[in-house]
Amino acid sequence: MVYQTPHNSTTRRVESLLVLAAHWLSAVFRPEFMPLLGFVGLFVFTYLSLLPLVFKGAVLSLVLLGTVLLPRWTILFWRKARGWERHRLRLRENRLFPYLVYILYYAFTLHILNRFHLPHYMSGILVASLLIQGSCFLINLRWKISMHSAGAGGVIGALAGYSILFAFNPIGWLCLCILISGLVGSSRMLLRQHNLWQVIAGTFLGIVGGFIGVFVLL
């Protein structure tokens with residue numbers, strides 16, 4: 001019988017809590033949630049809050065359907081059809097199809113939103129997401145990159161772009177987003193899904209893609 005000292009027991013408990021927190025962060029701040037959060041931010045913190053509630057609900061429902069639900073259902077059906085367990089999608093060579101699914105659905109959602117003649121800075125959220133998704137897809141052909149970090153970095157870049165467009169001081173929100181980005185990247189390393197360089201590369205790519213999509217291309 002192996003005797004565990006109080007110190008070892010406490011260490012194991014702390015490690016278990018850290019792993020649980022890492023799983024929680026990875027689940028809450030999934031990259032596909034970022035476009036929806038971006039639209040919610042525009043409808044809450046800008047003059048777009050004056051728009052009718054029905055219109056905002058319709059746009060958010062479309063974004064939720066096109067960027068979260070439909071891609072996840074499609075990938076789930078594809079995975080079940082192949083008889084794969086969920087962990088199989090963590091392998092770099094198996095991530096190409098999910099990337100393509102998200103890119104196609106994001107492009108379709110962007111097309112639908114443009115048919116509504118929404119302001120360009122609104123569709124910029126999806127443009128930035130497409131840039132990040134496309135870049136991650138190309139990089140993933142040769143090297144695994146952290147999409148979670150890219151999504152979190154995209155929020156930082158998009159926030160910087162919107163701060164210029166709307167002429168507001170983003171320091172407080174930037175600090176919060178940078179903190180969350182650091183926590184998300186740390187959680188991916190703690191769960192052994194990515195190493196440090198994959199997290200750094202994902203964050204940098206997301207910042208650049210988010211800024212270009214929101215500010216430069218509009």
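Which residues of the largest nonpolar core touch the most other members?

## The core

In this predicted model, the largest nonpolar core has 33 residues. Phe39, Leu113, Met122, Cys136 and Tyr162 touch the most other members. Six helices each supply at least two residues: H2 (34–45), H3 (53–82), H4 (96–115), H5 (120–140), H6 (147–165) and H8 (196–216). H5 gives the most, with 10 residues.

Tyr162 shows its surroundings well in a contact list. Setting aside residues up to four places away in sequence, Tyr162 touches Leu42, Tyr121, Met122, Ile125, Ala167, Phe168 and Val214. One of these partners, Met122, is also among the core residues that touch the most other members.

Thr109 sits in helix H4. Its relative accessible area is 1%, so Thr109 is buried. Neighbours within four places in sequence aside, Thr109 is in contact with Leu62, Val63, Gly66, Thr67 and Leu126.

Ser149 belongs to helix H6. Ser149 is buried because its relative accessible area is 0%, under the 20% limit. Not counting residues up to four places away in sequence, Ser149 touches Gly185, Val199, Gly202 and Thr203. The C-alpha atoms of Ser149 and Ala201 are 8.2 Å apart, while the two residues are 52 apart in sequence.

## A nonpolar surface patch

Turn now to the surface. Val40, Val44, Phe45, Trp173, Leu176, Leu179 and Leu183 form a nonpolar patch there. Together they have about 670 Å² of accessible area. H2 and helix H7 (171–190) are the elements that give two or more residues to the patch. H7 provides the largest share, 4 residues.

Leu176 is one of the patch residues, and its place is in helix H7. Its relative accessible area is 38%, so Leu176 counts as partly exposed.

## Cysteines

How many disulfides does the model contain? The count is 0. Cys136 is in no disulfide. The nearest cysteine sulfur to that of Cys136 belongs to Cys177, 18 Å away. Cys136 has a relative accessible area of 0%, so this residue is buried.

The cut-off for a disulfide is 2.5 Å between sulfur atoms. Cys177 is buried, with a relative accessible area of 15%.

## Positive phi in two loops

Ala167 has a positive phi of about 55°, although it is not a glycine. Ala167 lies in the loop between H6 and H7. Is Ala167 buried or exposed? Its relative accessible area is 69%, so Ala167 is exposed. Ala167 is also among the contacts of Tyr162.

Arg192 is another residue other than glycine with a positive phi, near 60°. Its place is in the loop between H7 and H8. Arg192 counts as exposed, at 77% relative accessibility.

Technical notes:
Residues numbered from 1 in each chain as written. Predicted model: local features only at pLDDT ≥ 70, side-chain atom pairs only at ≥ 80, totals over all residues. Heavy atoms only, no water. Core = buried A, V, L, I, M, F, W, Y, C linked by side-chain atoms within 4.5 Å. Buried < 20%, exposed > 50% of the residue type's maximum accessible area, 1.4 Å probe, protein only. Contact = heavy atoms within 4.5 Å. Patch = residues over 30% accessible without salt bridge, like charges linked within 9 Å, V, L, I, M, F, W, Y side chains within 5 Å. Areas by Shrake-Rupley, 256 points an atom, 1.4 Å probe, with all protein chains shown as cover. Salt bridge = Lys/Arg side-chain N within 4 Å of Asp/Glu carboxyl O.
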